[in-house]
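Hi,

Here is the structure I promised to pass on. Have a look at it first, and my notes follow below.

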Amino acid sequence: MRLPRLGLIARISLLVLFTQITAFGALGWFYVDHFINQDEQHLHGRIRHLGQMLASGDLALNAIARRPYMSDLLEAPYLNGVLLDEARRVRVSSDPSQLGQPATGLDWVSGDWLDPQPPAPRFLLQDEVLTAILPLTTEDRSAYTLILRLSKAEVLAEKRRIILWAGLGSLLFILLSGLAVVAVTYGFNRSAREVRQIKRKLEQVLWSSGDGWWDWDLSNNRVYFDERCTAMLGFGQQAFGQDLDSAYQRIHPDDLEQVKQAVRQHLHGHSEDFNSSLRMQCRDGSWLWVMARGKLAERDAQGQPLRMTGTLSDISERKRLEASIQESFEIYQAAINTSALGFWVADLEGRLLEVNQAYCRQSGYSSEELLQLSIADLVAEGDVARCLELIRGESYAQFRTEHRHRDGSLWPVEVMSTYSPVQGGRYFAFIEDISALVEQERELQLAHQVFHNIDQAVVVTDARNRIISVNPATSQITGYSVEELQGQDPKIFSSGRQSPEFYRQMWHDIQHDGHWEGEIWDRHKSGRFFPKWLSIDVIHGQDGQVRQYVSIFKDITERKKSEELIWRQANFDALTGLANRNLFHSRLQQELAHAVRNNKRLAVLFLDLDGFKHVNDSLGHAAGDELLIEVGKRLQGRIRKTDTVARLGGDEFTLLVLDVERPERVASLAEQVLDALREPLLINQSRIHISGSIGIALYPDDGDTMDALTKHADTAMYQAKASGKNAFQFFMPEMNVSAGNRLALIHDLHQAVAEQAFQLYYQPKFRLSDQTLVGMEALVRWPRPEGGMVSPADFIPCAEETGLILPLGRWVLGEACRQTQIWNRQYGMGLKVAVNFSAKQFRNINFLAELGDALEGQGLAAEFLELEITESALMGNVEEAINLMHLIRDRGITIAIDDFGTGYSSLNYLKSFPINTLKIDQSFVRDLTVDSEDAAIVRSIISLAESLGLDVVAEGLERAEHLKFLKAHGCEYGQGYYLGKPLPAEQFGEFLANRGQRTEDRG
């Protein structure tokens, strides 16, 4: 607002005064009083505005204090002022004598202005004295108080005195009235200059702050913006506009409503002042952030607002700083919330103030739940004190611990915490879930333990194949110490057994496949060679380059020995050392392929020993084994090195003869083998005579496959046996018929045993002295469905070979006991039935139980059963046989030795056997009347039995001469066709009925 031009008015007034003294005095008094009051109000307003700007921070005290005009302002007429520091001492004053004095020493300063320091500017009007108390703070946070005092009486005192004397002089002296007018004019102009000087200094204060000033006259909605405001936006003062609407149009649309709202709030008295940050459009179209501050300066008599003044500050730099801070905060929040690491902030008491989502996922808690917890709630029990000590003890700490999951489980973490003094002290911590790391460490520890404790050697070399690490097993296997191997090339182990080509291929595989594994021979430090199984792997770096080679090996010496032993066990007969069935078949396959390629002939010979079963049964298995070993040696002595001898099992041997030019050569070889077998063998100081039967099959004449050749050789061998044994036989096609018959017999035998398709025939046994019937022998027969009988000489050996003798023998025993019990009860006889048992039955572990079951099952007393067994069946394990016979005798069952004299009898064993009867084989009885040797043998057996207290039964009585001889030499019992032929059960029953007599019981 502009001040009036007082000098011109004064000159006009001077002319009027000269012409009209009275009118001048009255008019002068009016004008002086009016303008002085107007300047006084304007000065008061400026002081208030200065106080507002200083209090709001728009003007910095240190900025004002640095300028000389500050002191000038305080020294201006009619204006008293002091600047007080925090100690309430005068720092700046309009009176130099007051400097350094306490404020309480100033008579015009009231104590209640100072303590406490007012938080906001205060303006006091009392007795026409205006006092402004302004609290100020410098940039270094020092507190000051500025007190300004303006007295209306002091301002007007001098002016009114001049006016008074001028008025009096106008009445007395006209000349003096002119002087009075001049004095009044001079004084008035001086006051105007002083007011303008104060205005300029206030404008300088605003200019020094960098802010613009505005004044809004609400009566006409005119707004005055000073040059600082318009320059701030790039306008000239004339181009900016002076109405409120123009000002509003320059405000950003998004900010306009909140600006208007803030203005209304202040005008209606709802706020102490107007304060709003907004964007205003610059002349170039850009937007500038400004801070508009203002305060209502004048109201009318009705209290309606008339004028509002304020400042406009450029806050664009502050806004940019705030935006940068906000951006940094957002980046911080994003980094925290997107981090894979857990994060929390805690106060000095350990209470959680902030957590991120990663830690929520780690712990299983929601963020709301975590903010109700403290560090102590999350750390594993027992480790809380240590963790808190680490966190609080240093500005930065890094340590491991375990945190408690929401489900109560613990998981390992690594904590990285730091302390900041902000907001009274805060702990910031990143938490990394190291479960995988801990597991890796466990695995590494395990690998370390394995590396040092494994019994296999581990050698690690660098890319140049120099040893950088070995485990203890390496030293144990190679003999070199760890120190001796460091830096060495693994060639130090080389044995020289592998060729250069072997190593070239090995390294090719390593470089190409990254792995090699195989068997290799190395050299121990002592110089001995040993086999090892070696595995080499390549370790690559992230760049794909070779970093290390890892070799793992173990000494396989023992394994090689075991493998060799297993191979020998799998391919060689343990008893004779000959090739076994497996190796024989393998070699036969190979040689057949070779013969096909080279058009060669070969021969397969099957050898089966004649009479071996009798040797084995009579002399025992140990003697049988010695015999087989000797046979193997004799066979090997008769063949070439290129040929093969094998033992297929039992007493069966095979020979593979290569490069056969003529069959005659094979026949010659067969004859040599038979000659070798015919030579007596000395076994257990006994001379034993054996022979063999050989079957021969030729390739390609008799077959071109392994199965065909072995089958045909086997068939030819059985034909040789059937032809009388101790011979060889070449295969002929018609032999297949015989082999087929044998296979059919085995098939039918299985079916007959399953269906119990057998019959028992009974041959009566008599006391020879009076031909009294004392019992019978049960003989098994196999009738064919189509008629006729299968010879026992055919099916009994077959049953022995196939093992069917066991179920067949059980049936025979049960049926014989059943039928005997029926006859004894029916005819009132005490007949004893004799049942034959094979060696397999006798050695069966269930044999004794089967005897008891048959007797009890059929209700037959044990005294009516006699067990017949050949002497050869007892010779396998004599001690075991004797024990078993004692158990049989203890049950009341009698025992007879069948076919006595045909085997390898031992009188010493015979004396030990708990037997009851000797049965003379029919081969001795048949010719005893014409063969003196047979007669002598029979007499010897009868005499031997008598001396041992045994009964004697002669088999094969077919003529009266036989009966006469036996009776004459004391043979007590006999059986044969002359006395009675074997009959089926039905006919034997009729035979018993026709006898019409009671059979005497021998007791």
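Two strands count as paired if DSSP finds at least two bridges between them. Please keep in mind that this is a predicted model. By that rule, β16 (residues 457-462) pairs with β17 in the antiparallel sense, over 3 bridges. One of the residues involved is Thr-461, whose bridge partner in β17 is Ile-467.

These strands belong to an open sheet of 5 strands, with antiparallel pairing and the order β17-β16-β20-β19-β18. β17 (467-470) and β18 (515-523) are at the edges with a single partner strand each, so one side of each has no neighbour in the sheet. On average, neighbouring strands are turned by 25 degrees against each other, direction ignored. Helix α20 (residues 557-571) packs on this sheet and touches β18, β19 (529-540) and β20 (546-555). The direction of α20 makes about 120 degrees with that of β19.

The other part I looked at is helix α34 (residues 932-948). Its 17 residues reach 24 Å from the first C-alpha to the last, close to the 24 Å expected at 1.5 Å a residue. Asp-934, Ala-935, Val-938, Ile-941, Ile-942 and Ala-945 of α34 are buried. They cover an arc of only 125 degrees around the axis, so they lie on the same side of α34. That buried set packs against β33 (894-900), β34 (917-920), α33 (922-925), β35 (951-955) and α35 (960-968). Ser-932, Glu-933 and Ser-947 are exposed, on the face turned away from the buried side.

At the start of α34, a side-chain oxygen of Asp-931 comes to within 2.9 Å of the backbone nitrogen of Glu-933. Just after the helix, Gly-949 has a positive phi of about 75 degrees.

Best wishes

Terms used. Residues are numbered from 1 along each chain as its sequence is written. This is a predicted model: local features need pLDDT of at least 70, side-chain atom pairs count only at pLDDT 80 or more; totals for chains, interfaces and linings use all residues. Side-chain values use heavy atoms; hydrogens and water are left out. Helices (H or I, at least four residues) and strands (E, at least two) are DSSP runs, numbered from the N terminus. Axes are lines fitted to C-alpha atoms, for helices over the stretch in contact, and angles run from 0 to 180 degrees between N-to-C directions. Contact means heavy atoms within 4.5 Å. The expected span of a helix is 1.5 Å times one less than its number of residues. Buried means under 20% relative accessible area, exposed over 50%, partly exposed in between (1.4 Å probe, protein chains only). The arc is that of the directions from the helix axis to the C-beta atoms. A polar contact is a pair of N or O atoms within 3.5 Å; within protein, one must be able to donate a hydrogen and the other to accept it, and residues adjacent in sequence count only if both atoms are side-chain atoms.
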